[in-house]
Amino acid sequence: MKSILSFIVLSSMSGFVFTQDLTGLEVIRKVYERPVGDEMTASLTMTIENSRGNQRVREIKQYIKDFGDVEKKIMFFLSPADVKNTSFMNWSYDEPNKNDDQWIYLPALKKVKRISSDSKSDYFMGSDFTYDDLGDRHPDEDSHKIIREEVIDGLETYVVESIPKDEDYMYSRTVTWVVKDSWVGLKKEFYDEDGELLKILTVDEQKTFGEVIVLTNVKMNNVQNNQFTIMQLENVEINKGVPENIFTERIMKRGMK
Amino acid sequence: MLKLLEKLLKHPVLVMLVFIAMTAIFVLKMKGNTRMETDLDKYMPQDHPAFIYSDQAEEWFDIKDGIIIAVENPDGIYNPGTLTKIKQLTKDLQKTEEIEKKDVTSLYTADNIVGTDDGMDVKAFYKRIPRSKEKLAELEEKVRTNEMVFGRLVSENEKVSVIIARINDDVFTQEFYSRILELGKSYEGPEKVYVAGRPIVEGTMAELGPADMKRMVPIVVGVIILILLILLRSMKNMILTMTVVLFSTIWTFGLLAFVDIPIYAVFTTIPVMLIAIGVADGIHLFSHLDLYLVTNPKAGKLEATHNMLKEMWKPVVMTSVTTAVGFISLLTSEVYPIKYFGIFTAFGVMAAMLFSLVLIPAGIMLFGLPKVRNIKVQSGDNIHADTFAHRFAKSLIKYKWFSLGVTAVIIAVSIYGTTKVWINSSFLDKFEKDSEIVLTDAFINENFGGTSTLNLILESRNKDAFKDPEILTLVDEMQSEVESIDVVGSSFGLTDYLKRMNKVMHADDETYNTIPGSPDLIAQYMLLYEMSGDPENLWQVTDFDYSKLNVTFQLKSDDSKSINQALDRIETYQQNFSDRNVEMNFAGSGYKALVFTDLILKGQITSLLMSLVIVVVLLSFMFKSITAGLIGTVPILITAAISFGVMGLLGIPLSTTTALMSSISIGIGIDYAVHFIDRYRENMHLSKNMELSIQQTMHHSGRAIVFNAAVVIAGFLVLLFSVFPPNRELGFLVSLNMFTSFLGTVTVMVIIIEQKKLFYKRIKSKTINN
């Protein structure tokens, strides 16, 4: 309340930069902390289409469970046929600077292999999403500022500009349209290191499960190479129970029933 | 025609003012609307199947030419200083506006995918600069064991590392080029920094060629002015002759600006052509005027000019029309800049004709005849030249069989030489062997795969064709075999990723450095690579459906012989691939240059033959005698044969510039023949004595031809001192062609005229009728 009051007072005196910074950070923090549920199962259909209209479609069944200090995720590929039963497991830690643990099971090799990668800006499975884009990026890594308020699709939003503190980060800035009250980032623009628009993220469908909002259809459009990726979630179950003991190499090999 | 010219003769001031005004308009237009075309892709016919295919493939796989920056430290690269430079230079290149961040590859950006006991590790080789001995040794070991980097980004002697920046064709400017060179320089010491790659070669060529021309042309013009002054013995005549050259050049380039056509590199030879032709018209006119004044010393300027026009307008028009037609035959070329070159040079030739017939007479009317004192001096000389020309003609006929024999031997040797002519599309070969760019290129070729690339595109109609181990094994076999050729340094494709992944997933066991055995495993490796590596790299070697493949071969030379050698070896696999429904095609800038050169040469041969035919027809028509038409082509046939023969014997390859020289030699060579035959016909008409006519013609036209050849040869020999080899070749070939055309005209052609008794019967029959 205090900060909103001082915002009103200061903005009329034009020296409001500091306060607004704080508000931008607050908005992004609310987005980051928005409840997503501790457990989730869903079928993910990932469609990548390049500028020539060639499409690649992958169907994945995924299980996620939050254990507090670590979030574990296991994914099974259903199609295309030649990668069916390939599985991928990811343990992501809250502890800052701790890299994720990752495993992959290749059925043709009949072996589970550990993957370690030090690059966080890597694209997720060859899509237009990076791991950061998928919601991993901590609010403290950027400086945020509300640049205006706007109504899109009949919803009132804060338009927040975020500039990374690390100069070498792959984006020079991002702009997020955050819906008031629900704290859903409805749209986001990513600008490359030259300051040119690179990608636009849009949310085309969202569903509510109790107090959890799940973005069930998101599209990332790379405007520079004219490729886009659509992630569609179906059969979503939130907090309906994901067994603790499925996040093992044995299950990766055997699969879920 | 003559009447019109006579009318204009009465208004010299008006004529001068009109021409000067029009020239001024062209100059203004040129200032506002002249641009150079530096993008070499713009030269290629966009609708040719090979180019359409290559362009398409370049888009599919994001094929671009790369600038290669090599950092050499004689003490090895594994020290904090050199590694910092590699990192910093990489970052500077990534920040360059013209270069996209993802297009810069170096040891700093490369991923090191390695097998571990329980899996796979994807890490950068280094982010922070390793400083301790252990860390540096660790990095050294990492590089040595990664065959996707060792020998590709770091040389095998570990003293050189390269940074590759791929750029789009359209971003290349002179300014960008010098910026990159400066950037490289700023990182020198103690390391040496080399900058190479096709864009740099093209850039250097685009800079050096015209810069050298800019330096040489004033000297060429200076020498021509000097010789003209000596031969014409009159400042006024020299100025008027050079004005014809200058105005026709300005009109031609002005017209280019008017129709908004950019200046292509080949257009730099247009002034060369116009100098040769404009000077010829002037010399023949003034030479005639001189001779007239010797015999009619009392003649006034109107009378003298009138006679000059009356006697000379026909040969001037004839030579100009035949030359113009020779250039218009270049319209058959599929290459637009060459088509334009043909049309606009033809226009320039016609403009030069107009100025010669209108501006020169107007000039004489305005500024008066050359000074009498000069003519007196000259007349003394003329008696000498007179006797010489007559003596020469006499002995020529006397020893005609000797002359013909010598010519036959020379032609035979030339034809043998012609068989040795080879075509070269190389850019690098256009530079001095000891120039920095050639040495840099050699240095990088010595340490790495090669600076030139050839892309093989494999295509199948079946989805997932390139997940088939059998096909991929064949591709791998082919890559190894082609790599065994000396000029092929290395190759790179999907197979290399798969072999690497297979090895890594088997704990870096070298025995698994092979194509995986099942399509599913291949698909799963690729999925894994996409998840952990940089998937963008994958789409440079295959496509979404795995129905297309791009295999890149690194060649150590960009000359046509090397490229063809690689192409031939690759094509031995054609049958094997087509048995498996895989189609083969080629792409990339080196391949396009090869096709392009072939295209130019084929077009050149067509237009050469066509212009020969047209010239024969035109001459036959003009002289109302097929024999005269055929005889007129003798000097150019000799010139062409000797020109190609000398090129073959001296090892000068046919390239875009040298090929165009053949058109130019036809254009010039025909002029000598036309002037000679026309004057001979006039003389026959008057004297009805063949032997005397030949002697008189030798005195009249022969003299002008010698002057003409002397001026142009002297001018173009200056180019031999050029620092840019193609300009030297141009100077040498123009001089040679002028010399053989001249010699062929005043010897072989004259002998044939005498032998065939040209116009003899016609004159005789006319005499009888009269």
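Trainee: What should I know before I start?

Mentor: Residues count from 1 along each chain as its sequence is written, and chains are lettered from A and ligands numbered from 1 in the order in which they are written. As the model is predicted, local features need pLDDT of at least 70 and side-chain atom pairs count only at pLDDT 80 or more, while totals for chains, interfaces and linings use all residues.

Trainee: How many helices and strands does chain B have?

Mentor: Helices (H or I, at least four residues) and strands (E, at least two) are DSSP runs, numbered from the N terminus. Chain B has 27 helices and 10 strands, and chain A has 4 helices and 13 strands. The C-alpha atoms of chain B fill a box of roughly 110 × 50 × 40 Å along the principal axes.

Trainee: Which residues touch the most other members of the largest nonpolar core?

Mentor: A nonpolar core is a set of buried Ala, Val, Leu, Ile, Met, Phe, Trp, Tyr and Cys residues joined through C-beta atoms within 7 Å. The largest one has 203 residues, and B:A276 and B:V279 touch the most other members. Helix α11 (residues 336–367) of chain B gives the most to this core, 18 residues. A second, separate core of 46 residues includes B:V162, B:I180, B:F427 and B:F724.

Trainee: How do I read a pair of packed helices?

Mentor: Two packed helices are described by the angle between their axes and the distance between the axes. Axes are lines fitted to C-alpha atoms, for helices over the stretch in contact, and angles run from 0 to 180 degrees between N-to-C directions. Take α10 (residues 301–328) and α24 (residues 656–687) of chain B: their axes come within 9 Å and cross at roughly 155°. Angles under 35 degrees count as roughly parallel, over 145 as roughly antiparallel, 65 to 115 as roughly perpendicular and the rest as oblique. α10(B) and α24(B) are therefore roughly antiparallel to each other. Among the contact residues are B:M318 and B:T322 of α10(B) and B:I670 and B:V674 of α24(B).

Trainee: Where does chain B touch chain A?

Mentor: Two residues are in contact if their C-beta atoms, placed from the backbone, lie within 7 Å. By that rule, 25 residues of chain B are in contact with 20 residues of chain A. On the chain B side, β4 (119–124) and α17 (519–532) each supply at least two residues, and α17(B) gives the largest share, 10 residues.

Trainee: Can we finish with one residue: is B:N737 buried or exposed?

Mentor: B:N737 counts as buried because it has 28 C-beta neighbours inside 10 Å. B:N737 lies in helix α26 (residues 725–756) of chain B. Leaving aside neighbours within four places in sequence, B:N737 is in contact with B:T639, B:S643, B:M661, B:S665, B:I668 and B:G669. The C-alpha atoms of B:N737 and B:V104, 633 residues apart along the chain, are separated by 48 Å.

How values were computed:
A residue is buried if 20 or more other C-beta atoms lie within 10 Å of its own, exposed if 12 or fewer, and partly exposed in between; C-beta atoms are placed from the backbone.
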